[in-house]
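The entries below record what I looked up, in the order I looked.

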Amino acid sequence: MAREMLVPLIEAGIAEAIYLGSMISLPKEGQAGFEARHVSQVREAAQLGYVPAIYTFGMFHLFGDGLPCDKAVAAHYFRIASDAGYPAAQYEYGLALLHGIGATEDRVEAMRLIRLSAEAGDETAQYFLEVNRDDYPA
């Protein structure tokens, strides 16, 4: 049902629909086929500028999920999504900057982004700040 509703939007090139459609398996689609289509459609939605897809594409590269593991490429996508104000990407890019992994170390900017993410409600960023409050005071 959901897939059928998305088809006209996917065919029209609507990035959000392409992204959402990437998460729904097709009839008789095996696991390998689903995973390949998922990565391909997330890539397409990211190229169209859909910020959640840009973040997800960064996560694929961070963990090597369907794409080569490449921390610098991951940080690149996190920066783009972070610049767009996406809280989860602000946290991930902040971590990249904090540890100099895939990005040039910048602890001040890192903590600014992690705090922004936490203030926007990102629970992982909030937890990070709570657990590390002695190391990174407000």
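**Entry: helix 3 and helix 4**

I began with the residues that touch. His38, Val39, Val42, Arg43, Ala45 and Ala46 of helix 3 are in contact with Ala53, Ile54, Thr56, Phe57 and Phe60 of helix 4. I sorted the residues of this contact by class and got eight nonpolar, two polar and one charged. I note that the model is a predicted one.

Next I looked up the geometry. The two axes come within 8 Å, and helix 3 crosses helix 4 at roughly 135°. Helix 3 is therefore oblique to helix 4. I recorded the crossing of helix 3 and helix 4 as left-handed.

**Entry: helix 4 and helix 5**

How do helix 4 and helix 5 lie to each other, roughly parallel or roughly antiparallel? I found that their axes cross at roughly 165° and come within 8 Å. Angles over 145 degrees count as roughly antiparallel, so helix 4 and helix 5 are roughly antiparallel to each other. The crossing of helix 4 and helix 5 is left-handed.

On the helix 4 side I listed Val51, Ile54, Tyr55, Phe57, Gly58, Met59, His61 and Leu62; on the helix 5 side, Lys71, Val73, Ala74, Tyr77, Phe78, Ile80 and Ala81. The class count for the contact of helix 4 with helix 5 is 12 nonpolar, two polar and one charged.

**Entry: the loop between helix 4 and helix 5**

I then checked cysteine 69, which sits in the loop between helix 4 and helix 5. Its relative accessibility is 47%, so cysteine 69 counts as partly exposed. Setting aside neighbours within four places in sequence, I found cysteine 69 in contact with His61, Leu62, Phe63 and Gly64. I also took one distance: from cysteine 69 to glycine 85 is 24 Å, C-alpha to C-alpha, with the two 16 residues apart in sequence.

**Entry: the loop between helix 2 and helix 3**

Serine 25 is in the loop between helix 2 and helix 3. I read a relative accessibility of 46%, which means serine 25 counts as partly exposed. Leaving out neighbours within four places in sequence, serine 25 has contacts with Phe34 and Arg37. Serine 25 and tyrosine 77 are 52 residues apart in sequence, and their C-alpha atoms are 25 Å apart.

**Entry: helix 7 and helix 8**

I looked up helix 7 (residues 107-119) against helix 8 (residues 123-131): the angle is about 120° and the axes are 7 Å apart. That angle makes helix 7 oblique to helix 8. The crossing of helix 7 with helix 8 is left-handed. From helix 7 the contact takes Met111, Ile114, Arg115, Ser117 and Ala118, and from helix 8 Ala125, Gln126, Phe128 and Leu129. I classed the residues of this contact as six nonpolar, two polar and one charged.

**Entry: the largest nonpolar core**

Which residues of the largest nonpolar core touch the most other members? The core has 41 residues, and I found that Tyr93, Ile114 and Phe128 do. At least two residues of this core come from each of helix 1, helix 2, helix 3, helix 4, helix 5, helix 6, helix 7 and helix 8. Helix 6 supplies the largest share, eight residues.

Last, I listed the contacts of tyrosine 93. Apart from neighbours within four places in sequence, tyrosine 93 is in contact with Ala75, Phe78, Arg79, Ser82, Ala103 and Leu113.

Terms used: Residues are numbered from 1 along each chain as its sequence is written. This is a predicted model: local features need pLDDT of at least 70, side-chain atom pairs count only at pLDDT 80 or more; totals for chains, interfaces and linings use all residues. Side-chain values use heavy atoms; hydrogens and water are left out. Axes are lines fitted to C-alpha atoms, for helices over the stretch in contact, and angles run from 0 to 180 degrees between N-to-C directions. Helices (H or I, at least four residues) and strands (E, at least two) are DSSP runs, numbered from the N terminus. Angles under 35 degrees count as roughly parallel, over 145 as roughly antiparallel, 65 to 115 as roughly perpendicular and the rest as oblique. A crossing is left-handed if the near helix is turned anticlockwise from the far one by less than a right angle, and right-handed if clockwise. Contact means heavy atoms within 4.5 Å. Ala, Val, Leu, Ile, Met, Phe, Trp, Tyr, Cys and Pro count as nonpolar, Asp, Glu, Lys and Arg as charged, and the others, Gly among them, as polar. A nonpolar core is a set of buried Ala, Val, Leu, Ile, Met, Phe, Trp, Tyr and Cys residues joined through side-chain atoms within 4.5 Å. Buried means under 20% relative accessible area, exposed over 50%, partly exposed in between (1.4 Å probe, protein chains only).
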